Amino acid sequence: MVITDQYAVIGNPIAHSKSPLIHAAFATQTGQNLEYQRILGSTENFTTQVQEFFARGGLGLNITLPFKHLAWNIATQSSANANAATAANTLTPCPDGGLIAHNTDGPGLIRDIVHNNHIEIAQRKILLLGAGGAASGILLSLIQQNPKQLIIANRTQAKANALAQRTLTNHPELVNMVSGIGLDQLHDLSFDIIINATSAGINDTIPVIPEHCLKPHGVVYDLLYADQPTQFVKWGQTHGARIALDGLGMLVEQAAEAFYIWRGVRPNTQVVLRSLRG
Ligand code: NAP
């Protein structure tokens, strides 16, 4: 009997996850023979669930909320992106029986911004809204694009400070580039690109930022995605944004990065993105 290669995404909730659809499309497109399931994770048994998946011969797991930090914690090796985020969205087995943690959110975001949408981050002033899991997951990748300035602004200022400080501890040379502030300290600052990595949109709202925060013809990127334009995309559109994007492109690109880690093949993401939008 031929056993098909097994992959899955684990999270809680999980029924809404588009990952099985995306990976099935990648597999068909690239002629890869694999199965990709959803696993409803349990906070009490997450580690056991992961161990059992790999013990049964599973070849790769994607991790979603709320287990990304835990996944990083149980891994025996980690990529630089996963270590910077202290979170993993992809796990692969090691030959010695351990697990390798990867975080493909940052590379996925950069691929969507820079490659798909031809937006330069280098030498631009970037505002990163939020200091939770998603913000910490994309921060290193943003820095690697060499922006002129990257300000992390968060409702709870201490968390923005802590995230900036953690980055500066590892990269003291970035002291003039990276800083953390409260949302209420944006005052008269303005930015070329504003990235919304808060979860405010889940309640159909946006973080409170000054009207003039976006430079004329700037870019707005909301990590959240929805069938309709998100509230933050709408904010960009009504505040002079040249481009206002939601996070569906990042979702597909982070999946493609995981697919590449697992299968060594790069799928055509634009075909899949178009079909999801359709
Ligand atoms: P998280 O760890 O819970 O962090 C939430 C962040 O949002 C915190 O910084 C929080 O500020 C801030 N926040 C929440 N409500 C707010 C409000 N009303 N006003 C201002 N700030 C507010 O969540 P996360 O994992 O980082 O996820 C953030 C978003 O990214 C979610 O919408 C998620 O769906 C999205 N995401 C998308 C992708 C993708 O592939 N497109 C990947 C990962 C995540 P405090 O610290 O003050 O509470």
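In what order do the six strands of the open sheet stand? Here are some notes on this predicted model, starting with that point.

1. The order is β2-β1-β3-β5-β6-β4, with mixed pairing. At the edges you will find β2 (34–40) and β4 (77–78); each has a single partner strand, so one side of each has no neighbour in the sheet.

2. If you follow β4, you will see that its pairing with strand β6 (residues 99–102) is parallel and runs over two bridges. Ser 78 sits opposite Ala 101 of β6.

3. Two helices are worth a look alongside the sheet. Helix α1 (residues 19–30) packs on it and touches β1, β2 and β3 (60–63), its direction making about 175° with that of β2. Helix α9 lies across β1, β2, β3, β5 (90–93) and β6, and runs at about 5° to β5.

4. Now for the rings: the structure has six aromatic pairs. In one of them, Tyr 7 and Trp 262 have ring centres 4.7 Å apart and planes at 35°, so this pair is tilted. Because Tyr 7 belongs to strand β1 (residues 5–11) and Trp 262 to helix α9 (residues 248–263), the pair ties together parts 255 residues apart in sequence. Both Tyr 7 and Trp 262 are buried. Ring pairs also link Tyr 7, Tyr 36 and Trp 262 into a cluster.

5. Phe 53 and Phe 54 make an edge-to-face pair, because their ring centres are 5.2 Å apart and their planes stand at 85°. Phe 53 is buried, at 6% relative accessible area, and Phe 54 counts as buried at 13%.

6. Finally, do look at Tyr 260: Arg 266 lies over the face of its ring, 4.3 Å from the ring centre.

Technical notes. Residues numbered from 1 in each chain as written. Predicted model: local features only at pLDDT ≥ 70, side-chain atom pairs only at ≥ 80, totals over all residues. Heavy atoms only, no water. Phe/Tyr/Trp six-rings, centres within 6.5 Å; stacked < 30°, edge-to-face > 60°. Helix = DSSP H or I, 4+ residues; strand = E, 2+ residues; numbered from the N terminus. Buried < 20%, exposed > 50% of the residue type's maximum accessible area, 1.4 Å probe, protein only. Lys NZ or Arg CZ within 6 Å of the ring centre and 35° of its normal. Pairing = 2+ DSSP bridges. Contact = heavy atoms within 4.5 Å. Axes fitted to C-alpha atoms, helices over the stretch in contact; angles between N-to-C directions.
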